[in-house]
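Please keep the sequence and the model in view while reading.

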Amino acid sequence: MLLKPEVEYLRQFCIRVSASEAEEEDENEFYDAINDGLGSPGSTGDNCLTFNIPTGNTHRRNSSGSSSGVDEAQETKHVVVVTEKNRKITTHPDQQSGTMISFKSSASTRKRRTRIPDKPNYPLNLWGIMKNCIGKDLSKIPMPVNFNEPISMLQRVTEDLEYSNILDTAANCSDPCEQLAYLAAFTISAYSTTAIRAAKPFNPLLGETYELDRTEDLGFRVISEQVAHHPPMVAQYSEGKSWRCWQEFTLTSKFRGKYLQIIPLGSSTCEFNDSKNRYTWRKVTTTVHNIIVGKLWVDQHGEMEIIGKGNAKGLKCHLKYIPYSYFGRDSQRRVKGVVMDASDNVKWVIDGTWDDQVQISPVIGDMGTTSNPIYKTGSPIQAWKRVPLAPEAENYYNMSTFACQLNEMEEGVAPTDSRLRPDQRSMELGNWDEANTEKLRLEEKQRAVRRKKESEAEKAAIEGRPYEPYKPLWFEKKEDPETGTVSHIYKGNYWECKEKQDWSMCPDIF
């Protein structure tokens with residue numbers, strides 16, 4: 001137990017650390033070099049975490065759409081968390097076997113691949129391409145496959161579910177604040193492979209779909225569709241045994257010569273079946289550095305708020321992805337955060353790195369004052385630990401085993417499925433010249449369809465006739481009665497059509 005003088009000392013020390021951190025962030029600069037090692041919580045000040053937490057339960061975006069800063073007009077609450085040094089880390093019983101059942105489930109009878117063909121070494125005139133990209137939206141610029149990895153954005157978004165076993169653990173939590181802490185760990189795990197993967201996924205064609213049914217071994221299935229093209233937008237719906245998730249993913253990106261910034265604009269939702277606890281969040285900003293010269297490296301930075309809805313209304317989690325800086329005290333790729341109840345009391349603390357591991361700790365004591373609370377935590381729990389990549393993964397785009405299985409051929413999928421894209425398949429097989437030819441053909445085919453629709457719409461307007469715009473097959477726009485926002489929601493029937501092998505409604509996009 002801490003004595004009063006010790007409490008006051010820690011409070012003053014942590015406030016000084018917090019002020020110093022704020023100054024560093026104001027002057028933060030992105031540099032050219034970064035350590036290749038995985039991040040882990042640093043030793044400096046690790047027993048004292050500080051937070052400036054915005055009050056209110058709403059998602060924030062600044063004027064640029066980024067989640068990387070606190071609105072100056074937003075009221076914040078200063079929170080200090082004290083942790084014991086040399087703490088023993090425990091693991092939740094549901095997490096003992098490692099991640100995503102480690103592909104060891106005996107329920108699945110199918111033997112899946114564990115890698116893809118090696119990436120060939122093709123020369124590329126980088127300057128000739130990049131000089132035409134500065135200041136432009138990259139989604140509107142034709143790129144050779146040399147910049148890609150052989151999966152589509154639909155499949156890349158599906159990678160968010162690689163560690164879906166964390167959601168299974170969260171679903172079994174009787175304490176909603178503990179459940180939210182595990183959900184926070186799940187959202188962090190979605191960035192685990194981005195630290196060493198800077199290649200661009202294929203832009204999906206309008207109407208392109210992707211399904212992944214891993215019910216037998218991993219306990220979930222997911223369907224995604226490209227529901228809009230300008231701007232590109234992906235709608236996704238996934239369901240496990242005790243949870244369901246959906247998201248609408250779109251982004252804006254700008255190439256600034258030295259770095260590329262990717263700002264997600266959509267939102268994600270997770271609902272647990274038994275409790276009806278529902279949570280929503282927005283992703284943080286991704287920056288790819290050294291686009292022209294030097295080794296590419298990726299950083300995630302910004303603030304994420306996971307807001308409770310439904311039976312979880314009033315709960316929230318505030319996560320801070322700390323940007324890399326030469327002068328920062330925090331370790332690389334650090335994430336820290338707190339879970340707060342409806343009365344804004346901190347109940348759980350999250351600490352870790354977005355590329356390696358996350359620990360969650362329950363709050364066991366409340367010290368300090370109402371205006372400057374100091375919370376003490378108990379023994380941490382390992383909520384997530386990344387599975388190491390295979391030693392030879394650098395030869396095939398640094399993909400994890402799960403990622404390598406995303407583009408594996410499946411029988412009976414819709415004719416619009418990403419696995420059937422000829423350019424993407426050719427690239428995976430190492431036939432890059434053929435892949436570039438197919439990519440141009442598909443893009444021109446899509447442009448021809450768009451020009452035809454624009455012409456039909458113009459003709460209908462001249463004749464005074466109504467013209468029905470493009471509608472996705474598996475998703476439809478609906479308004480959220482709680483927030484009033486409109487987004488694409490899964491309307492069902494995909495898996496039933498697959499069972500009947502009735503794909504008569506699917507467009508010819510390949």
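Which residue of β10 does L251 stand opposite? The residue opposite L251 is P264 in β10. The model examined here is a predicted one, and its secondary structure comes to nine helices and 22 strands. Of the 510 residues in the protein, 53% are buried, and among contacts between residues at least 6 apart in sequence, 64% join residues at least 24 apart.

**Strand pairing around β10**

- Strand β9, which covers residues 243-255, and strand β10, which covers residues 259-264, run antiparallel and are joined by five bridges.
- These two strands, β9 and β10, form a hairpin with three residues between them, and in its turn G257 has a positive phi of about 90°.
- Strand β10 is also joined by four bridges to strand β13 (residues 285-289), again in an antiparallel arrangement, and within this pairing Q261 has T287 of β13 as its bridge partner.

**Nonpolar cores**

- The largest nonpolar core holds 54 residues, of which L183, I188, I306, L319, Y321, I350 and I360 touch the most other members.
- Helix α5 (residues 176-189) supplies the largest share of this core, namely nine residues.
- When neighbours within four places in sequence are left aside, I306 is in contact with L180, L183, A184, T187, Y279, T280, W281, L315, K316, C317 and L319.

**Cavities**

- The protein has four cavities of 30 Å³ or more, and the largest cavity holds about 150 Å³ of space.
- Sixteen residues line the largest cavity, and D160, F186, Q247, S268 and W281 are the closest to its centre.
- The elements that give two or more residues to the lining of the largest cavity are α5, β8 (232-240), β9 and β11 (267-272), with the largest share, three residues, coming from β9.
- By class, the lining of the largest cavity divides into eight nonpolar, six polar and two charged residues.

**The second largest pocket**

- About 840 Å³ of space lies in the second largest pocket, which is lined by 28 residues, with L206, K453, P469, Y470 and K471 the closest to its centre.
- Two or more residues of the lining of this pocket come from each of β7 (220-229), α8 (432-463) and β21 (475-479), and α8 gives the most, with eight residues.
- The lining of the second largest pocket has 15 nonpolar, four polar and nine charged residues.

- C506 lies in the segment after α9 (494-500), and, because its relative accessible area of 14% is under the 20% limit, C506 counts as buried.
- Although C506 and E208 are 298 residues apart along the chain, their C-alpha atoms are separated by 9.4 Å.

Definitions and conventions:
Residues are numbered from 1 along each chain as its sequence is written. This is a predicted model: local features need pLDDT of at least 70, side-chain atom pairs count only at pLDDT 80 or more; totals for chains, interfaces and linings use all residues. Side-chain values use heavy atoms; hydrogens and water are left out. Two strands pair if DSSP finds at least two bridges between them. On a 1 Å grid over the protein atoms alone, a cavity is a set of points where a 1.4 Å probe fits but cannot get out, and a pocket is an open set with protein on both sides within 12 Å along at least five of seven lines; lining residues have an atom within 4 Å of a point. Grid points are joined across faces, edges and corners, and a volume is the space filled by probe spheres set on the points. Ala, Val, Leu, Ile, Met, Phe, Trp, Tyr, Cys and Pro count as nonpolar, Asp, Glu, Lys and Arg as charged, and the others, Gly among them, as polar. A nonpolar core is a set of buried Ala, Val, Leu, Ile, Met, Phe, Trp, Tyr and Cys residues joined through side-chain atoms within 4.5 Å. Buried means under 20% relative accessible area, exposed over 50%, partly exposed in between (1.4 Å probe, protein chains only). Contact means heavy atoms within 4.5 Å.
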